[in-house]
Structure formats: structure tokens, C-alpha cells
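Good morning, and thank you for coming. Please look at the sequence and the structure as I show them, and keep them in view while I speak.

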Amino acid sequence: MPGIAVLLLLAACVTGVVMLWYGLRGRGINDHPVCRWCRFDLDGVYPESVTCPECGAGLKRQGAVRVGVRRRMPTFIAAGILLATLPLAPMGMVAWALVTGANIDSYKPLGLLLWESRVSDPARLDALAAELAARAMAGKLDPGQYRRMVDQTLAMQGNTRRPWRESWGDLIERARLDGVLTAEQEARFRSQAAVLEIETRSTARAGAYVPVRIRLKEARVGSGMRMACSVVVNGARVAGKQARWERPASGPVSVLGEPILAGEEAATFMLTGSRAAGLGGMFFVNQQPSRGEVTVLVPADCSPGDTTLELELQRAVTDASGGGVLAMINGRLRATGRSSVRTPVEVTSAPVRIVAAENQAATAIPATKPMSAHLAQALRPSRVTLGSDLVSDLFFGADPFATAGQASASFMVNGVSVPVAFEVWCRAGGREWKLGELHSGSRPDADGDPFGAQRIFRSMTTITLNGRTITRSSSSGDDADGRRVAGPWEGGDAVEVDLILRPVSAIAERTIELESYYAGEIVIAGVPVERQGALLDPFADMRSRIEGRGRASPSGRTEPLSDPSRREPERDTRPGPGPGPGPSESSGPL
């Protein structure tokens with residue numbers, strides 16, 4: 001029983017006792033002297049008489065006479081008795097349940113259970129849902145009661161100010177299995193399943209792009225449910241003015257360069273219950289909050305000051321409980337499943353402060369020699385890799401058949417003590433060229449990874465061929481604190497390269513978290529260059545080894561192509577004595 005119900009019962013009991021006392025005391029009707037003991041009207045008798053003519057009590061003692069005749073009020077008496085005694089029954093049942101351990105919810109009417117669900121805490125909500133589920137499975141709910149339960153569940157799901165429990169989502173699944181849930185109710189449940197919010201930088205510059213993150217705040221589903229929620233941005237406004245928006249260039253997760261869930265969606269979230277099965281035979285675990293990101297161009301004529309940024313969002317929710325939601329359609333991976341439920345356009349807003357176009361939206365942190373030395377050591381990559389990185393390229397947007405004309409480097413940003421936003425330049429062979437951009441804000445490719453596939457593949461995939469690992473697992477450099485910067489290679493046959501990190505305010509302004517950045521230039525000298533080779537020829541290393549064994553060694557001898565000590569024994573090809581297998585065949589391995 002919720003605490004508010006107990007307080008109401010106690011209040012009713014106390015009120016009843018007060019009303020009973022007031023009704024018995026009565027209402028004063030005159031100012032005559034009255035005997036306190038028998039309430040006899042002493043008008044015309046007192047003070048001449050020394051005793052009460054009715055009961056004989058002495059009237060000269062202090063307090064023996066009271067002023068005013070009072071008449072009892074039967075209405076107050078009846079109401080007081082009712083209020084004082086009615087709470088005793090449920091309070092007694094609660095006390096009995098506490099002593100015996102019985103489930104008192106099983107004795108409550110449906111209306112009381114539904115009322116409690118509107119005022120109870122989360123722990124109590126689970127107990128109420130368990131009782132309703134038990135009644136539904138036992139067939140104790142008639143169609144009218146079933147509809148009341150479903151309507152209350154949908155109302156609770158749509159009220160984002162109230163807590164949500166998966167056990168109430170299981171009641172909807174129970175109603176669907178029992179054939180009670182209507183198509184309209186199911187559509188309403190799916191449309192209310194995703195609770196979204198947006199966040200952006202605290203400061204944005206007029207006339208510049210500002211990142212806006214669409215975040216899944218809560219998934220209001222059942223424990224065994226799995227849904228895919230695609231979010232479409234229909235418009236954007238800053239300070240009430242229409243603004244242009246677009247998705248970031250990183251795009252969604254891709255396979256062989258082909259984006260998954262490509263289309264008009266700005267974000268795709270998986271709404272998964274705690275006991276939901278895997279996704280299409282593959283179980284993706286995403287430990288990070290689900291989110292997607294777009295960029296909004298702040299109108300150049302926006303006045304400086306505090307205002308709001310608004311996105312018009314429309315959701316399409318697909319039930320994926322019956323199977324996977326990914327299918328190849330016309331050569332592209334798309335979301336499939338039951339028919340999608342599209343919600344009306346909703347406006348979601350976030351506060352932002354606009355500064356003039358000539359000002360910076362990120363504060364520069366002055367450079368110092370100790371800090372520059374610290375950053376050079378903390379950000380130093382172990383190598384610059386030329387060629388294909390199968391794990392990163394195959395699944396996350398780059399060309400898996402890249403040649404040595406592509407280079408990449410992984411930077412760990414968890415060791416830096418200040419926010420950074422750099423352009424990464426390479427210097428080798430007397431030339432300088434831009435490799436890419438690096439910052440310590442949230443990683444854009446993680447924002448477009450709704451299934452957590454990026455962390456799974458990058459932390460588990462290792463390809464080994466002929467005893468040589470040609471593609472390493474990249475969990476050490478591509479986790480939540482890692483940044484992979486990739487770009488062209490113009491260094492020729494250089495075996496080392498200098499990396500120059502040049503601070504750029506615009507890079508910090510394209511992130512949500514970085515309100516400041518380190519303004520010093522960092523030079524990381526002598527980073528080794530490692531050539532991996534292209535994915536198109538995975539046997540190149542084996543072929544070079546075979547060719548090398550046929551060449552003359554430094555000692556002048558020619559190395560054999562095979563090791564005579566490891567030569568297999570010759571097989572006896574002579575026919576056996578009979579129609580059965582020969583000795584060599586019978587004793588050899590199958």
C-alpha cells in the first residue's frame with residue numbers, strides 16, 4: 001500500500017474521531033445554567049437551589065454548573081462513526097498481511113489497483129503489474145476490465161513525468177497475445193515507446209553550424225520487446241527563425257562502404273527490453289547512451305543573447321520482436337519488420353546562447369611549454385598505418401580496398417588534461433599535407449552507431465593469415481577514448497613522419513562538449529610508418545616469402561622452397577593382396 005494511501009486512511013480515522021466527539025458534545029442553543037452531571041436546565045432554580053432537582057448533585061461546588069444547553073447532532077455522530085471505523089478494515093488487512101506474509105493485492109478490486117498505479121513509487125508499480133498480470137493469465141479479467149487496464153497502462157506510458165516500469169509494458173504484450181489489444185492501442189503504445197531529447201552547445205556563433213545531438217532519454221517498452229525507432233528532422237528553428245540543418249559527414253554505420261539504414265533518418269535507436277532476444281541472429285550490446293547528431297546553421301541575423309534551438313522531430317517505430325530489422329533491399333541494407341507507426345511532428349527544444357559572428361564560440365586556452373610537452377607525449381600515436389585497416393574500413397565507412405595512398409593514425413585522448421581541437425598535418429620528405437582533424441569531444445562515428453556494432457567489431461576482430469596478423473584488433477586505439485584520423489598519404493617511401501597538431505577554433509565549435517580548446521601547436525616527431533598492404537591481395541606476404549626462398553642467400557647458397565626435414569613419407573602405391581585397402585591406405589589417416 002503506498003504511503004499516501006496510509007496517510008489518507010489515518011487522516012480519515014482522526015477526522016472521524018473528531019466529528020464523533022463534536023456530535024456528542026452537541027451544539028449550544030441558549031445561555032441557561034445547566035447541571036454538569038445530568039445536563040438538566042436549571043433556569044429559574046439556580047442559584048437559589050443548592051442541589052439539582054433532577055439528580056440531587058450539589059450546585060455550590062466549583063464547576064458543578066455549566067452555561068448553555070447543548071443539543072447533540074446525530075449527523076455528525078453517524079459520520080464520525082463511519083469515518084473512524086471504515087479505515088480500520090484496510091489497515092487491519094495490511095497489518096495481517098505484514099504478519100502472515102500474504103499478498104493483500106489479490107483481495108483488492110481492480111479500480112483500487114489502477115488508482116494506486118497513478119500515485120505509487122517504481123518498486124510498488126512492479127508489484128501492481130505482477131498482480132494484474134496474474135489476474136489476466138488466470139482469466140479473472142472480463143473484457144471491460146481488460147480495456148481499463150490497457151488504457152491505464154497507455155496513459156502511464158504517455159505521462160513522461162511519471163516513472164515507467166517494463167512490467168507494465170509486459171501487460172501490453174499479454175493483452176496482444178490474448179487478442180484484447182486493438183490495432184489503435186498497439187499503434188499508440190509504439191508511438192509512445194521512445195522518449196527523445198536534444199542537446200547542443202551552450203554557446204553558438206551566428207552564421208555558423210552548431211551540432212545538435214538527438215538522444216534517446218528513455219525506452220518505454222516491455223522487458224521482452226525490441227523496436228527500431230527512426231527519427232526524421234522536419235525542420236529547425238533558432239530564436240524562432242527557420243534554420244538550415246544537415247546530417248554530419250560521418251554518416252551512419254556502413255558495411256563495405258554502404259550505409260546501414262541509409263535514408264532520410266537523422267538517427268536510429270533500438271528500443272530494447274532487458275530480456276529481449278538478439279537482433280537477427282546477432283546480439284549487439286551498446287553500453288553507451290543511444291544518440292544521433294545533426295548540425296544546424298544558426299541564421300546570421302540572430303541577435304546575440306540567450307535563446308532556444310528547436311527541432312521538429314517525427315518518429316517511425318517498427319516492432320522488431322518477431323525477427324531481425326535489417327534486410328538487403330535493392331542492394332541496400334534497410335530496416336524491416338512490421339509496419340512502422342509514424343508519430344505526429346513534435347517540437348523539442350534546448351537552450352543556447354548566441355554570440356556575434358565575429359566572435360569565437362570556444363575560448364582559447366593559452367599555450368605553455370609544460371602543457372605542450374604533456375600533450376605531445378599523451379597524444380603520440382604508436383604508428384601511422386598505410387593501406388587498409390579491415391576492421392575500421394569494412395564496417396565504418398572507409399574503402400576496404402584502399403591502397404598505400406591512404407594513411408591513418410590512432411590518438412588516445414583519455415590522457416589529456418585540457419580540451420583539444422586540432423588539424424592533423426603530416427610532414428615527411430620535405431612536404432606537408434593535412435591528414436584530418438582531431439578533438440577530444442564525443443566521437444561522431446559513435447553517435448551514428450545505434451547498435452553498438454562499432455565497439456563489437458573493433459574489439460573482437462583479428463584476421464590472421466599464414467601465421468601473420470594482417471589486421472589487428474583495434475580495441476586499444478578505437479574505444480570511447482580513441483580517435484582514428486585518416487587521410488591521404490603523400491610521403492612516398494618515408495619510414496617516419498612528423499605529426500603537427502594545429503589548434504583550430506572551428507573544430508571545437510563543431511562539438512557539443514568543447515567550450516574551450518588548447519591554443520598551442522604540438523609537434524610529434526619521428527612517428528614510425530607501417531605499411532599493411534591492400535585487402536585485394538591478402539596473399540602478398542606469403543608469395544614474397546616463397547619467392548625469397550628461391551633466391552640466393554647472403555652466404556651464396558640457394559635456399560630450398562621446402563624443408564626436407566618436414567617432408568611427408570612416401571606413400572606405398574603398390575596394390576594390396578586382395579580387394580580390400582592396401583597396408584598404406586588402411587594405416588594412413590582418414
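Let me begin with a definition: helices (H or I, at least four residues) and strands (E, at least two) are DSSP runs, numbered from the N terminus. What we are viewing is a predicted model, in which local features need pLDDT of at least 70 and side-chain atom pairs count only at pLDDT 80 or more, while totals for chains, interfaces and linings use all residues. Residues are numbered from 1 along each chain as its sequence is written, and side-chain values use heavy atoms, with hydrogens and water left out.

Ala239 is found in the loop between β8 and β9. Its phi is positive, about 55°, although Ala239 is not a glycine. For the next point we need accessibility: buried means under 20% relative accessible area, exposed over 50%, and partly exposed in between, using a 1.4 Å probe and protein chains only. Ala239 counts as partly exposed because its relative accessibility is 38%.

Is β8 itself enclosed or open? Of its 13 residues, 12 are buried, so the strand is largely enclosed by the rest of the structure. Two strands are said to pair if DSSP finds at least two bridges between them. With β14, β8 pairs in the antiparallel sense over 11 bridges, and there Val232 stands opposite Gln314. Six bridges join β8 to strand β12 (residues 267-272), again antiparallel; here Ser230 has Thr268 as its bridge partner. Three bridges join β8 to β9, and these two strands also run antiparallel.

Next, the nonpolar cores. A nonpolar core is a set of buried Ala, Val, Leu, Ile, Met, Phe, Trp, Tyr and Cys residues joined through side-chain atoms within 4.5 Å. In soluble globular proteins, nonpolar side chains tend to be buried together. The largest core here has 55 residues, and Trp168, Ile214, Leu271, Val296, Leu309 and Leu311 touch the most other members. Strand β8 (residues 226-238) gives the most to this core, namely six residues. Apart from this core lies another, of 31 residues, including Val418, Leu435, Trp489 and Val497.

Which residues does Leu309 touch, not counting those up to four places away in sequence? Counting contact as heavy atoms within 4.5 Å, the list includes Val210, Val238, Val296, Arg237 and Thr348.

I turn to charged side chains. A salt bridge is a side-chain nitrogen of Lys or Arg within 4 Å of a carboxyl oxygen of Asp or Glu. How many salt bridges does the structure hold? There are 30 salt bridges in the structure. In one of them, Lys108 meets Glu116 at 2.7 Å, N to O, and both residues are buried. Glu116 also forms a salt bridge with Arg124, the closest N and O atoms being 3.0 Å apart. Arg124 counts as buried because its relative accessibility is 14%.

Another salt bridge joins Asp301 and Lys241, at 3.5 Å, N to O. This pair links distant parts of the chain, 60 residues apart: Asp301 is in the loop between β13 (291-297) and β14 (305-319), and Lys241 is in strand β9 (residues 241-246). Asp301 is exposed, with a relative accessible area of 52%, whereas Lys241 is partly exposed at 30%. Finally, Glu199, Arg213, Arg215, Glu293 and Glu513 are linked in a network of salt bridges.

My last topic is the aromatic rings. Rings of Phe, Tyr and Trp (its six-membered ring) pair if their centres lie within 6.5 Å; planes under 30 degrees apart count as stacked, over 60 as edge-to-face and the rest as tilted. By this rule there are two aromatic pairs. One of them, Trp433 with Trp489, is edge-to-face, at 5.3 Å centre to centre and 85° between the planes. Trp433 lies in strand β23 (residues 431-439) and Trp489 in the loop between β26 (482-488) and β27 (496-503), so the pair ties together parts that are 56 residues apart in sequence. Trp433 is buried at 3% relative accessibility, and Trp489 is buried at 10%.

Thank you for your attention.
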